[in-house]
Amino acid sequence: MNMFHNELAQAIEHKLLSMGTTGFWIVLLCTFTITSTSLGASSNNRDISAKYVSGDNPDEAEGFEFLQTYDKRASQECYLSVLSNWAYATNLTEENKQNLLERSLVYAEFQKEAWKNATSFAWKQFKNPSTRRLFKFLSILGTAALPTEKLKELNEISASMEDTYSTSKICPYSLQVVITDESENLDDDKSSSEEENCTLSLEPDITRILKKSQNYDELAYVWKAWRDSSGKKIRKRYERFVELSNDAARLNGFADMGEMWRESYESDTFLEDLENLWKQLLPLYENLHAYVRRKLISKYGNDKIRPDGPIPAHLLGNMWAQDWAGVQEFTEPYPGKPSLDVTPQMVEQNMTALDMFNISEEFFSSLGLKEMPPPFWEHSVIEKPTDREIVCHASAWDFCNGKDYRIKQCTDITMQDLITVHHEMGHIEYYLQYADQPSLFREGANPGFHEAVGDVLALSVSTPKHLKAISLLNEIADDPEGDINYLYSIALDKISFLPFGYLMDLWRWGIFSGNTSVEEMNTKWWELRLKYQGVCPPVKRTEEDFDPGAKYHIPGNTPYIRYFVSFVIQFQFHKALCEAAGHEGPLYKCDIYQSKEAGKLLSQVLQLGSSKPWTEAMKIMTGGKTNKMDAAPIIEYFDPLIQWLKEQNKNYTLGWTSNDPTICP
Ligand code: BJ2
Ligand code: ZN
């Protein structure tokens with residue numbers, strides 16, 4: 001990941017990234033400044049707070065030349081800048097942080113210079129649509145629009161929030177029990193021994209506990225401890241971060257940073273479209289929710305969960321209740337069939353992280369897509385280092401030089417992480433496919449497209465037939481009950497995620513716009529968690545807490561609506577690729593493995609990068625059927641399961657009520 005996290009930052013900053021102050025490019029920029037001035041451009045008087053700024057130099061040929069030279073330099077400088085980000089993220093030292101911060105400022109200076117020159121052109125009148133689009137991307141300056149002191153502060157806060165989140169540790173539950181029991185005798189020796197033992201990190205320790213433990217109190221303890229040691233500590237910094245981000249957005253002509261983020265979807269109806277998708281998907285979610293709630297009541301008791309209430313957020317097998325794969329084992333529709341979680345087989349086979357990456361790469365190459373280049377294997381960090389602190393949250397990196405691509409992942413030997421490997425490799429495949437585009441177009445058609453690539457492949461990889469073919473399943477239950485079990489296991493990943501994927505940015509947009517005040521940040525979070533996910537906190541939440549900050553993308557400042565978009569459109573892509581592969585039968589049975597036709601269609605879309613509005617990419621992908629996000633394919637995919645769940649739920653309440661979103665009723 002690069003240092004600039006917002007969506008437009010992806011269109012602009014990622015590309016402009018750290019063009020630096022070194023000779024050649026600056027000389028070129030100066031030349032342009034002089035030329036434009038002599039042509040009468042009033043670059044100094046242009047209003048920086050207007051959106052998509054342009055000037056009055058009408059010379060399209062000169063504009064084109066400017067872009068070409070810019071592009072070369074941008075790629076080189078981007079490389080250096082990503083390198084400083086990588087150095088920090090893979091070794092969280094003070095020195096690496098300082099290097100990164102210095103680099104960011106140098107880069108911002110350059111961006112301002114580039115922006116000044118780019119916006120001296122009357123590019124809106126240029127004939128060539130691609131040239132116009134490149135200038136459009138270039139004409140938004142991003143956070144570099146801030147005065148240096150503010151930019152410095154913003155970058156420092158970003159780096160320090162990421163640091164706090166990534167190095168957070170908690171004490172084990174067993175220790176907590178001992179401390180509470182003997183709290184009266186707690187002396188200095190004990191607290192130091194307490195500290196020595198407080199070494200549980202999110203990846204892998206806490207994640208494993210959340211997934212495996214079925215002890216209500218232990219889960220509640222870990223759930224709270226994580227929030228105390230991560231989000232809560234970030235709250236003050238985040239408040240300032242929002243102010244500074246909004247300052248930047250306004251200098252770019254946007255009402256607030258939320259509006260600026262949404263711009264990368266290039267749509268006037270984006271918010272309505274999202275709400276409509278969610279309305280269509282709500283019945284799926286409600287049915288899954290009601291079924292799982294009933295199973296959880298059987299397990300934990302009706303004193304803990306009301307039959308018409310929300311689900312306690314710590315019981316779903318995941319720290320944020322964003323996927324529920326952890327409850328599969330004891331909630332499965334037809335127990336006793338071969339388990340679809342192949343983690344035990346992976347462990348039994350002594351699978352390594354490298355094996356998992358090889359499996360993933362092999363799927364991409366079976367479609368005729370590109371393999372990971374040698375520097376990928378040389379430089380990626382695919383296991384958690386033991387000698388230093390790193391940002392463990394998995395990510396994919398494009399070093400902008402057409403050679404260097406990397407993944408950073410503290411890979412655990414689990415099926416879930418095997419899917420995450422595919423997810424991250426999907427990003428790398430996209431980078432490789434659009435590598436020949438100008439740097440400003442080396443982006444997803446929209447951010448949701450980028451998120452969908454690896455997931456689409458993983459939909460095939462997860463099918464029982466495929467898992468058997470790659471020796472991760474010994475036997476498969478090829479009957480209607482087995483099919484329901486399978487669809488259920490996928491629903492625990494995909495349907496459970498939808499409301500979380502939606503509400504993260506509903507929350508953030510509210511914060512950025514000021515519709516949610518800083519005094520009610522955490523309450524609003526729990527209102528949304530209740531409304532959309534139907535979950536509640538096991539421990540009372542107050543405005544002392546900052547629970548959104550306990551999820552990576554808040555301190556990491558990565559927009560989140562992209563994942564909601566991805567979870568919808570990946571089923572559109574899956575359907576289209578399955579058709580290309582000549583698949584017949586239900587969508588959920590399709591495995592596009594080895595289909596060169598599917599690979600060809602996918603690569604056609606990926607190669608476009610962001611050179612065209614995403615609606616055109618969608619049209620190509622769907623063979624002209626639609627240029628919109630469409631919930632029909634995800635509904636079609638899960639249809640047999642939905643019918644089954646409706647039947648199961650017919651005598652029970654769907655939905656939930658609660659008088660207080662800040663504590664489980
Ligand atoms: C595990 C995954 C992100 C991702 C990382 C961190 C933030 C951005 C990148 C970008 C890629 C790019 C993640 C997976 C599904 C739900 C979500 C979650 N990590 N990022 N540089 N996921 O998207 O891969 O790698 O080019 O934009 O956060 O909540 O776990
Ligand atoms: Zn991703």
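User: What makes β4 and β5 a hairpin, and how many residues lie between them?

Analyst: This is a predicted model, in which local features need pLDDT of at least 70, side-chain atom pairs count only at pLDDT 80 or more, and totals for chains, interfaces and linings use all residues. Residues are numbered from 1 along each chain as its sequence is written, chains are lettered from A and ligands numbered from 1 in the order in which they are written, and side-chain values use heavy atoms, without hydrogens and water. Strands are DSSP runs of E with at least two residues, and helices are runs of H or I with at least four, numbered from the N terminus. Two strands pair if DSSP finds at least two bridges between them; β4 (residues 395-398) and β5 have four, in the antiparallel sense, so they meet the definition of a pair. They form a hairpin with six residues between them, and C400 in the turn has a positive phi of about 65°.

User: Which way do the side chains of β5 point?

Analyst: Y405 and I407 point one way from β5 (residues 405-408), and R406 and K408 the other way. In a regular strand the side chains alternate between the two faces of the sheet.

User: Why is α23 called largely enclosed?

Analyst: Buried means under 20% relative accessible area, exposed over 50%, and partly exposed in between (1.4 Å probe, protein chains only). Because 15 of the 17 residues of α23 are buried, the helix is largely enclosed by the rest of the structure.
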